[in-house]
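Student: I'd like to learn how to read a structure like this one. Could you walk me through it?

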Amino acid sequence: IVFACALSAATLSPILLLALWPRAAQADALRGFCAGAGIFALATGASAANGVSILSALGVGGLAGFASALVAGLAFSLRRGAQETRAGRMFVAGVLHGEGDLLNRDDAA
(Lines give C-alpha, C1' and ligand atoms only; values in the text may rest on other atoms or scores of the structure.)
Protein backbone atom coordinates (compact mmCIF):
# COMPACT_ATOMS: atom_id res chain seq x y z
CA ILE A 1 0.00 0.00 0.00
CA VAL A 2 2.85 2.36 0.83
CA PHE A 3 4.48 1.67 -2.55
CA ALA A 4 1.22 2.44 -4.37
CA CYS A 5 0.76 5.70 -2.46
CA ALA A 6 4.33 6.80 -3.12
CA LEU A 7 4.12 5.93 -6.81
CA SER A 8 0.79 7.76 -7.11
CA ALA A 9 2.29 10.81 -5.44
CA ALA A 10 5.17 10.77 -7.91
CA THR A 11 3.14 10.21 -11.08
CA LEU A 12 -0.62 10.76 -10.80
CA SER A 13 -0.78 13.78 -8.51
CA PRO A 14 1.27 16.03 -10.81
CA ILE A 15 -0.85 14.99 -13.78
CA LEU A 16 -4.01 15.94 -11.90
CA LEU A 17 -2.50 19.32 -11.06
CA LEU A 18 -1.43 19.82 -14.69
CA ALA A 19 -5.05 19.19 -15.72
CA LEU A 20 -5.89 22.48 -13.99
CA TRP A 21 -3.22 24.36 -15.97
CA PRO A 22 -4.97 25.51 -19.18
CA ARG A 23 -1.70 25.79 -21.07
CA ALA A 24 -0.59 22.18 -20.49
CA ALA A 25 -1.17 19.60 -23.21
CA GLN A 26 -1.05 15.83 -23.27
CA ALA A 27 2.63 15.76 -24.23
CA ASP A 28 3.50 17.94 -21.24
CA ALA A 29 1.66 15.59 -18.90
CA LEU A 30 3.41 12.59 -20.46
CA ARG A 31 6.82 14.19 -20.00
CA GLY A 32 5.95 15.02 -16.41
CA PHE A 33 4.80 11.45 -15.82
CA CYS A 34 8.06 10.05 -17.22
CA ALA A 35 10.15 12.48 -15.16
CA GLY A 36 8.24 11.65 -12.00
CA ALA A 37 8.51 7.89 -12.52
CA GLY A 38 12.22 8.11 -13.31
CA ILE A 39 13.12 10.31 -10.38
CA PHE A 40 10.93 8.17 -8.11
CA ALA A 41 12.89 5.06 -9.11
CA LEU A 42 16.27 6.79 -8.78
CA ALA A 43 15.55 8.44 -5.44
CA THR A 44 13.99 5.32 -3.94
CA GLY A 45 16.83 3.12 -5.14
CA ALA A 46 19.52 5.53 -3.96
CA SER A 47 17.90 5.94 -0.56
CA ALA A 48 17.47 2.21 -0.08
CA ALA A 49 21.07 1.58 -1.16
CA ASN A 50 22.30 4.00 1.52
CA GLY A 51 20.70 1.93 4.27
CA VAL A 52 17.55 4.02 4.76
CA SER A 53 14.44 2.07 5.72
CA ILE A 54 12.19 1.15 2.82
CA LEU A 55 9.32 3.32 4.10
CA SER A 56 11.58 6.37 4.29
CA ALA A 57 13.05 5.56 0.87
CA LEU A 58 9.57 5.40 -0.64
CA GLY A 59 8.65 8.70 1.01
CA VAL A 60 11.75 10.41 -0.37
CA GLY A 61 11.11 8.91 -3.79
CA GLY A 62 7.47 10.00 -3.79
CA LEU A 63 8.29 13.59 -2.84
CA ALA A 64 11.19 13.85 -5.28
CA GLY A 65 9.11 12.33 -8.07
CA PHE A 66 6.19 14.66 -7.38
CA ALA A 67 8.40 17.75 -7.46
CA SER A 68 10.25 16.72 -10.60
CA ALA A 69 7.08 15.73 -12.45
CA LEU A 70 5.36 19.00 -11.62
CA VAL A 71 8.38 21.10 -12.59
CA ALA A 72 8.89 19.13 -15.81
CA GLY A 73 5.24 19.43 -16.85
CA LEU A 74 5.09 23.15 -16.14
CA ALA A 75 8.47 23.81 -17.77
CA PHE A 76 7.57 21.96 -20.97
CA SER A 77 4.21 23.71 -21.18
CA LEU A 78 5.87 27.11 -20.79
CA ARG A 79 8.69 26.20 -23.17
CA ARG A 80 6.32 25.40 -26.03
CA GLY A 81 5.08 28.96 -25.98
CA ALA A 82 1.50 27.85 -26.45
CA GLN A 83 -1.18 30.14 -25.18
CA GLU A 84 -4.16 29.14 -23.13
CA THR A 85 -6.92 27.85 -25.33
CA ARG A 86 -10.59 28.57 -24.98
CA ALA A 87 -11.29 24.88 -24.42
CA GLY A 88 -8.63 24.76 -21.71
CA ARG A 89 -10.10 27.76 -19.89
CA MET A 90 -13.61 26.29 -20.14
CA PHE A 91 -12.42 22.94 -18.77
CA VAL A 92 -10.69 24.53 -15.79
CA ALA A 93 -13.69 26.76 -15.08
CA GLY A 94 -15.99 23.75 -15.26
CA VAL A 95 -13.83 21.73 -12.88
CA LEU A 96 -13.33 24.52 -10.36
CA HIS A 97 -16.80 26.01 -10.42
CA GLY A 98 -18.95 23.06 -11.47
CA GLU A 99 -20.71 25.05 -14.17
CA GLY A 100 -19.61 23.09 -17.20
CA ASP A 101 -20.82 19.82 -18.60
CA LEU A 102 -17.40 18.18 -18.71
CA LEU A 103 -18.52 14.73 -19.71
CA ASN A 104 -20.28 14.27 -22.99
CA ARG A 105 -23.57 12.54 -22.37
CA ASP A 106 -24.42 9.50 -24.40
CA ASP A 107 -28.00 10.12 -25.50
CA ALA A 108 -28.27 6.64 -26.98
CA ALA A 109 -27.74 4.94 -23.62
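Student: Which element gives the largest share of the lining of the largest pocket?

Tutor: Helix α1 does, with four residues. Before we go on, this is a predicted model, where local features need pLDDT of at least 70 and side-chain atom pairs count only at pLDDT 80 or more, while totals for chains, interfaces and linings use all residues. Residues are numbered from 1 along each chain as its sequence is written, and side-chain values use heavy atoms, leaving out hydrogens and water.

Student: What counts as a helix, and what is a pocket?

Tutor: Helices are DSSP runs of H or I with at least four residues, numbered from the N terminus. Rolling a probe the size of a water molecule over the atoms shows where empty space is left. On a 1 Å grid over the protein atoms alone, a pocket is an open set of points where a 1.4 Å probe fits, with protein on both sides within 12 Å along at least five of seven lines; lining residues have an atom within 4 Å of a point. Here the largest pocket holds about 190 Å³ of space (the volume filled by probe spheres set on the points). Its lining has 13 residues, with L18, A19, A24, A25 and Q26 nearest the centre. Two or more lining residues come from each of α1 (2-19), α2 and α4 (86-97).

Student: What kinds of residues line the largest pocket?

Tutor: Eleven are nonpolar, two polar and none charged. Nonpolar covers Ala, Val, Leu, Ile, Met, Phe, Trp, Tyr, Cys and Pro; charged covers Asp, Glu, Lys and Arg; the others, Gly among them, are polar.

Student: How do α2 and α3 cross?

Tutor: Axes are lines fitted to C-alpha atoms over the stretch in contact, with angles from 0 to 180 degrees between N-to-C directions. The axes of α2 (residues 26-49) and α3 (residues 54-79) come within 7 Å and cross at roughly 155°. That is why α2 and α3 are roughly antiparallel (over 145 degrees; under 35 is roughly parallel). Their contact has twelve nonpolar, ten polar and two charged residues.

How values were computed: Angles under 35 degrees count as roughly parallel, over 145 as roughly antiparallel, 65 to 115 as roughly perpendicular and the rest as oblique.
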